[in-house]
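Hi everyone, thanks for coming.

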Amino acid sequence: MAETRTEALHQNAEGLDIQAPDAILSYLADAQIEAATVVRQAIPSIARAAEIIAGRLKSGGKLAYAAAGSSGLMALADALELPGTFGIHRDRIAILIAGGDEAFRTLAGGPEDDTEEAAAAVAKAGIGKGDCLIAISASGTTPYAVRAIEEAARRGAATIGIANNRDSALLRQAQTAILLETPPELIAGSTRMGAGTAQKIALNMLSTLTAVHLGHVHDGYMVNLMADNIKLRDRAARIVAAVSGRGTDEAARLLEKSGGAVKTAILLAAGADSADAAQKILEETGQKLRPALSAIEGSKGRTASVLIKTEPEKGQQGD
């Protein structure tokens, strides 16, 4: 196997083991920062990928993540946060990791070579036409990730590949390729460090922009969050209060009336007649809060105009 960038030796690696602890940590920190900066170069491809994912989810499709090893952990971290942060239903998210549930305990290396398991996992998750699969691999050659993307494409799903080596098999197979060309690791081949950091940043950017497209973000607030604990219920009330201009007590009351739906509560504060009416407005505006608020303001304006026109002019009333 020819040496790839992720396997090469870092320029500061020579004599690393005999450096002072502070010096080693400084090298490690600098390597992480250097790895993070390369994500900016991938912004155009991340933007294209987010638009594709949003389109599939909006049409009722699923989003799957497929990876092995530390890339699998990055995928897992991103995927598990989507329901709570952005209200994307858990049954719309699939996580395919080499080794299955056992990987969460041992993260053994062997399963990443199991292409049959990858194909079976894609089939079991029901990934096909109308869905989207993201495969992640630092080397870009991990058999599990490459086979997963091949199988997803064969079944008609949109495919996105994220890798840290240029012109790798995964990026060639993907319909949308995201290259994160991180420098060699300070510990050669230990891609849980720089490569993993870049992957996490890219995945966070990708899923967040997807949520923006879906209308789950308004002025930097997560207006589609699932408030299932004390902290998140408090956050939901503060979001409703901030966007609507109401007090937190009133915001909490509106949230109760809306069944905990932040966007619905905000529309109730803006003047929606009922939770059902607010939901209907959101459906008409693609679940986006800003046009929904504009629709309510426009409705108020039309009502006021009608009232003014039907009010009798001065001097025409009876004595």
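So, to begin: how much space lies in the largest cavity? About 40 Å³. Please keep in mind as we go that this is a predicted model. The structure has one cavity of 30 Å³ or more.

Who lines that cavity? The residues around the largest cavity are His10, Ala31, Glu34, Ala35, Thr182, Pro183, Pro184, Glu185 and Gly194. Helix H1, residues 21-37, gives the largest share of this lining, with three residues. Sorted by class, the lining of the largest cavity has four nonpolar, three polar and two charged residues.

The largest pocket has a volume of about 530 Å³. It is lined by 21 residues, and the closest to its centre are Gly87, His89, His216, Asn224 and Gln287. If you'd like to find the helices around it, look for H2 (43-58), H10 (262-270) and H11 (275-284), each of which supplies at least two residues of the lining of the largest pocket.

On to the next one. The second largest pocket contains about 290 Å³ of space. Here 18 residues form the lining, and Glu112, Ala138, Ser139, Thr142 and Thr191 are the closest to the centre. Which helix gives the largest share of the lining of the second largest pocket? That would be helix H3, residues 69-86, with three residues. By class, this second largest pocket is lined by five nonpolar, eleven polar and two charged residues.

Helix H8 covers residues 230-244 and helix H9 covers residues 248-257, and their axes come within 8 Å and cross at roughly 110°. Angles from 65 to 115 degrees count as roughly perpendicular, so that is how H8 and H9 sit relative to each other. On the H8 side, the contact is made by Ala236, Ala237, Val240 and Ala241. On the H9 side, the residues are Thr248, Ala251, Ala252 and Leu255. How does the contact of H8 with H9 divide by class? There are seven nonpolar residues, one polar residue and no charged residues.

Key:
Residues numbered from 1 in each chain as written. Predicted model: local features only at pLDDT ≥ 70, side-chain atom pairs only at ≥ 80, totals over all residues. Heavy atoms only, no water. Axes fitted to C-alpha atoms, helices over the stretch in contact; angles between N-to-C directions. Helix = DSSP H or I, 4+ residues; strand = E, 2+ residues; numbered from the N terminus. Parallel < 35°, antiparallel > 145°, perpendicular 65-115°, else oblique. Contact = heavy atoms within 4.5 Å. Nonpolar A, V, L, I, M, F, W, Y, C, P; charged D, E, K, R; others polar. 1 Å grid on protein atoms, 1.4 Å probe; cavity = no way out; pocket = protein on both sides within 12 Å on 5 of 7 lines; lining within 4 Å. Points joined across faces, edges and corners; volume = space filled by probe spheres on them.
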